[in-house]
Amino acid sequence: MSIKLRELIRAVRACKTAQEERAVIAKECALIRTAFKENAMLVRHRNVAKLLFIHMLGYPSHFGQMECLKLIASPNFPEKRIAGYLALMLLLDERTEVLTLVTNSLKNDLQHRASQYVVGLALTSVGNLATADMGRVLAADVALQLGSSNPYVRKKAALALIRIMKRIPEVAEDYIDRIIGLIKDRSHGVLITAVQLISDVLVLQPKLSKKFHRTVPSLVKMLRNLLNLGYSPEHDIAGIADPFLQVKLLQLLAMLGKNDDEASEAMNDVLAQVATNTETNRNAGNAILYECVKAIMAIQSESGLKVLAVNILGRFLLNRDNNIRYVALNSLTKVVNEDVAAVQRHRATILECLKDPDVSIRQRALELTYQLVNSNNVKELVREMLNYLVVAAPEHRALLCGRVSNVVERFAPSSKWQVETLIAMLSIAGNHCDDSIACMTVSHVTESPLLHSFATHKLFRLLRDELPRVQIALMHVAVWCIGEYGDHLLHSCELDRDSLDIFQAVTVADILGILETVLKSHLATVLTKSYTLTALMKLSNRLSVGQTEFISLMKSQFNSSLSLELHQRSCEYVSMLNPRWAEVCDHTLTRMPPLDDATLGEQHDHSASIYGAPNAAQRQPRKHHDPESERSFPVKDLLDLDGIFDSVVQPEKHIMNQMATSTAGCSKAADVDLLTDIFTTKTPIAPISGDPALIIDNAVMTEEKTLPSQSQRASTQVKAFEKDGLTIIMDLVDDPLDTKTSVICKFFNYTHNNFERFVFQAAVPKYVNMEMKPATAGSVSANSRGDVSQIVKLKNTSPSKPLMMRLKIQYNVGGRQIVEQAQVSSFPAGF
C-alpha cells in the first residue's frame with residue numbers, strides 16, 4: 001500500500017543523493033499505478049495529490065490524467081477541488097488530447113446551483129484550459145453566469161469569457177449587451193474584469209469599437225466617482241481609491257477615444273481632473289498619472305491638455321526613482337514630434353539626465369536630445385552631446401558621432417562653428433568615426449577659403465599637442481590640411497575679428513618635425529603614411545624654403561619601403577622632381593578645388609549612365625549573409641545560366657584609360673589643370689587592345705612608338721565587378737599558340753579592411769568549356785592593387801553565340817560574411 005503525502009515528502013527530503021530520490025519516486029509511482037489499476041476509490045484523491053508533488057519535482061505524471069477526470073465527476077467537493085480541478089490545471093494543458101473528455105463535466109458543474117464554489121472551479125478551469133472546441137460548447141453557459149446574483153461568479157465568468165474570446169474572437173459580437181451590462185456592477189472586482197474584457201474585445205475585434213462608444217459616459221462617471229471617493233478600507237492603496245481600476249479605466253478610455261472626436265470631448269474634463277488631483281508621492285499615483293498621459297496623447301485631446309501631460313512627464317524626470325525617469329524619457333521621445341515646444345521647456349532637465357550614472361537613462365536622454373535640436377539651440381545641445389561623447393561607451397561612440405555630424409550638417413549657424421565642431425568631435429572620438437565624417441570635415445574646409453588658415457592652424461596645434469595619443473581620423477584630416485594649406489602656417493592667424501588672440505606663425509622646421517613625428521608614430525597606417533607622403537610633396541612645391549628637407553625626408557622614409565603603395569608613390573614623386581617635369585608638377589600639385597556636391601552628383605550620374613551603375617536613388621544597401629536564405633537557394637540555382645539569355649543586361653564596365661602618347665602632347669596641354677578631369681564629365685573611351693607595357697611606355701617616355709606584332713598577345717581589359725571597394729578586372733589574353741582564351745581575374749581592394757576567406761566562382765553556358773585555376777591567395781589585403789589573381793581558361797565551341805559568364809564572390813570583412821553576384825556579358829566579339 002502506498003504511503004501518505006506527508007510521508008512521501010519526508011522521504012524525499014531525507015534523500016542525500018539524486019539517485020536515492022529517483023529510487024523513492026520510482027517506487028512510489030509503481031505503487032500509485034497499482035492502486036489505479038485496482039480502482040482503489042478510498043485512496044484515489046491521496047494518490048493524485050502525491051502525483052501533484054511528483055509533478056512539481058519534475059518527474060513524469062501523465063499516467064494520472066484519467067484519474068483527474070474521474071475525481072472531477074465526484075460529488076465530494078474536497079475531491080473535486082484538490083484532486084480534481086487542481087490536478088487538471090497542473091497536469092494537463094490545452095494540447096492534451098484527453099482534455100476534450102472533461103467538457104461534459106465542466107458543462108454540468110457550470111449549471112450547478114447548490115454551490116457557487118463548484119461553479120467557480122469550473123469557470124477557473126475554463127479560463128485556464130479552454131480550447132476553441134471547448135469554447136464553442138461552453139460559451140453560452142459561461143455567458144449565462146455573467147448574470148449571476150453572486151459577484152464572485154460574475155467575476156470568474158468574465159475572466160473565463162476572456163479566454164474564450166481569445167480562442168474564438170468571432171463569438172464576441174453575440175455577447176456585447178451582456179458585457180456592457182457588467183459596467184453597471186457595484187463590485188470593484190467585477191468592474192475591473194469587465195473593463196479588461198472590453199479592452200480585449202476591442203483588441204481582437206476593432207470593428208466593434210463603435211458599439212462600445214455608448215459606454216464612454218458610464219466609464220467617465222465611474223472614473224470621476226473614484227476620484228471623489230473618500231477613504232474606503234476595502235479599496236484604498238496608499239491613500240488612492242482602487243488604483244488598479246483607475247489604470248484599467250484610463251487604458252480603455254484611450255482605446256475608445258482614439259480617432260473619435262465625440263468620445264474624446266466627453267473624457268477631456270475627467271482626464272484633466274485625474275492629471276491635477278492625483279498625488280505623485282506614491283508609486284500608485286505615478287502609475288495612474290502615466291496612464292493618464294498615455295490616454296491624453298492617444299485621444300483627440302485639447303492642446304492645453306497635452307501641455308499638461310508633457311509637464312507631468314517633466315515632473316517625472318525630477319523623481320529619484322530611475323524607473324520613473326526612464327519611463328518619462330521614453331514617453332517624451334514618443335510625444336516630441338507632436339508638441340516640440342512643450343518638451344523644449346524641460347530641456348535643462350533632459351540635459352541633466354545625460355550626466356546620470358545609469359547608462360540606460362543616459363542613452364534615452366541622448367535620443368531625446370537629438371530630437372530636440374533645431375537652429376536655435378544647436379550650439380547648446382551639440383556642446384552637451386560632445387560632453388557626453390567623452391564618457392560614452394566605446395560601442396556607442398560611432399552612432400553618437402554620426403548623429404552629431406548629422407545635426408551639424410543640418411543646423412550649423414556658420415561655417416566656422418561647423419568646422420570647429422567637427423574637429424572637436426574628431427579629437428574626442430576620431431577612432432570611432434566613420435570615414436565619411438573625416439571627408440565631410442575636409443569638404444567644409446575646402447569650400448570656405450576664409451577657413452583655410454584657421455582650420456590648418458587649429459589642426460596643426462591639435463596634432464602637435466595630442467601626439468602620440470592622437471585620434472587616427474584627426475591625424476588624417478590634419479595631415480591633409482597641412483599638405484594643402486601648409487603655406488598658411490608660416491603666417492599668423494586671428495581667431496576672431498573681435499578677439500585679440502591669434503595663432504602665431506610656425507616655422508618650416510616645426511612643420512617638418514610634426515610630419516616626421518607622424519611617420520614615426522605607432523598609430524600611423526599605410527594610409528596615414530600615404531597622406532604624409534603627398535603632404536611632403538605638396539609642401540616642397542609650395543613653400544619657398546625647406547624644399548631640400550622635405551625631399552630628403554620623403555626619400556629616406558619611402559624609397560626602401562616594404563609597402564608597394566608607398567614605394568611606388570615615392571618613386572613617382574621623385575621622378576616628378578626632374579626639371580623637365582617642372583611645369584607638369586606645378587599643375588599636378590595645385591590646390592584641390594572645392595568639392596561641389598552638384599558637380600559630384602552630376603558626374604556620378606554620368607558614370608552610372610556609362611557603366612550601368614545604379615545612381616543614388618537606385619542604390620541598394622549591401623545585404624548581409626543570411627544562412628537561412630542561402631540554404632533556400634542551392635548553389636546550382638545560384639549559378640544557373642538557363643535564363644542568361646532571357647534577360648536584358650546592361651553593358652559591363654570597361655577599364656581603359658588611354659594615356660598621352662608623346663612628350664609633345666604633354667607640352668601642348670601644360671597650361672591645363674591636370675585635375676580638372678576629376679570634376680568634369682568626359683566621353684567614355686572604348687576598349688583598346690595591345691600590349692599594356694608599350695602603351696604605358698609611349699605615355700611616359702619619348703621613344704618612338706612601336707606597335708605589337710601579330711605573333712604577340714592581343715589583350716583586352718574588362719571591369720567585371722565593382723561594389724563596396726572591391727573591383728574585379730579581367731585581362732582577356734588570346735594566344736595563337738593556345739586554342740583557349742586565358743582570362744586573368746585581378747582583385748582590387750580599395751578599402752582599409754582585409755577581405756578574408758575570399759572565394760571567387762564562375763559559371764558559363766554549356767557551349768563554353770571552362771577551366772578554373774586556384775587563386776594566388778585566400779585573402780585580399782587592404783589597399784591592394786591586383787596583387788591577388790586567378791586564371792580562368794575559356795573555349796567558345798559555338799563562335800556564333802556570345803560569351804557570357806556569371807560570377808559569385810564570397811568573403812568575410814569586419815566579422816560579416818558578404819555574398820555578391822554579377823553577370824558579365826560584354827566580352828568583345830571573337831573571344
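This is a short tour of selected residues in the model above, stop by stop.

The model is predicted, so local features are described at pLDDT of at least 70 and side-chain atom pairs at pLDDT 80 or more, while totals for chains, interfaces and linings use all residues. Residues are numbered from 1 along each chain as its sequence is written, and side-chain values use heavy atoms, with hydrogens and water left out.

**Salt bridges**

Start with the charged pairs. A salt bridge here is a side-chain nitrogen of Lys or Arg within 4 Å of a carboxyl oxygen of Asp or Glu. By that rule the count is 30.

Select lysine 50 and glutamate 28: their side chains form a salt bridge at 2.6 Å, N to O. Lysine 50 belongs to helix 3 (residues 44-56) and glutamate 28 to helix 2 (residues 18-37), so this pair ties together parts that are 22 residues apart in sequence. Helices are DSSP runs (H or I, at least four residues), numbered from the N terminus. Now check the burial of both partners, where buried means under 20% relative accessible area, exposed over 50%, and partly exposed in between (1.4 Å probe, protein chains only). Lysine 50 is buried at 0%, and glutamate 28 is buried at 4%.

Next, pick aspartate 356 and arginine 325, whose side chains meet in a salt bridge of 2.5 Å, N to O. Aspartate 356 sits in the loop between helix 20 (347-353) and helix 21, and arginine 325 in helix 18 (residues 322-335), so the pair ties together parts 31 residues apart in sequence. Aspartate 356 is buried, with 8% relative accessibility, as is arginine 325, with 13%.

Glutamate 367 is in helix 21 and arginine 403 in helix 23 (residues 394-411), so to speak two distant parts of the chain, 36 residues apart. Glutamate 367 is partly exposed, at 27%.

Finish this part with Arg44, Glu67 and Lys70, which a network of salt bridges links.

**Buried loop residues**

Move to aspartate 185, in the loop between helix 10 (176-181) and helix 11 (188-204). Aspartate 185 is buried, at 16% relative accessibility. Its side chain makes a polar contact with the side chain of arginine 154 at 2.7 Å; a polar contact is a pair of N or O atoms within 3.5 Å, where, within protein, one must be able to donate a hydrogen and the other to accept it, and residues adjacent in sequence count only if both atoms are side-chain atoms.

Then go to leucine 92, in the loop between helix 5 (77-91) and helix 6 (103-110). Leucine 92 is buried, at 4%. Beyond its neighbours within four places in sequence, leucine 92 is in contact with Gln65, Ala87, Val98, Leu99 and Leu129, contact meaning heavy atoms within 4.5 Å.

Asparagine 377 is the next selection, in the loop between helix 21 (359-372) and helix 22 (378-391). Asparagine 377 is also buried, at 4%.

**Cysteines**

Select cysteine 15, buried at 19%, and cysteine 481, buried at 0%. The whole structure has 0 disulfides (pairs of cysteine sulfur atoms within 2.5 Å).
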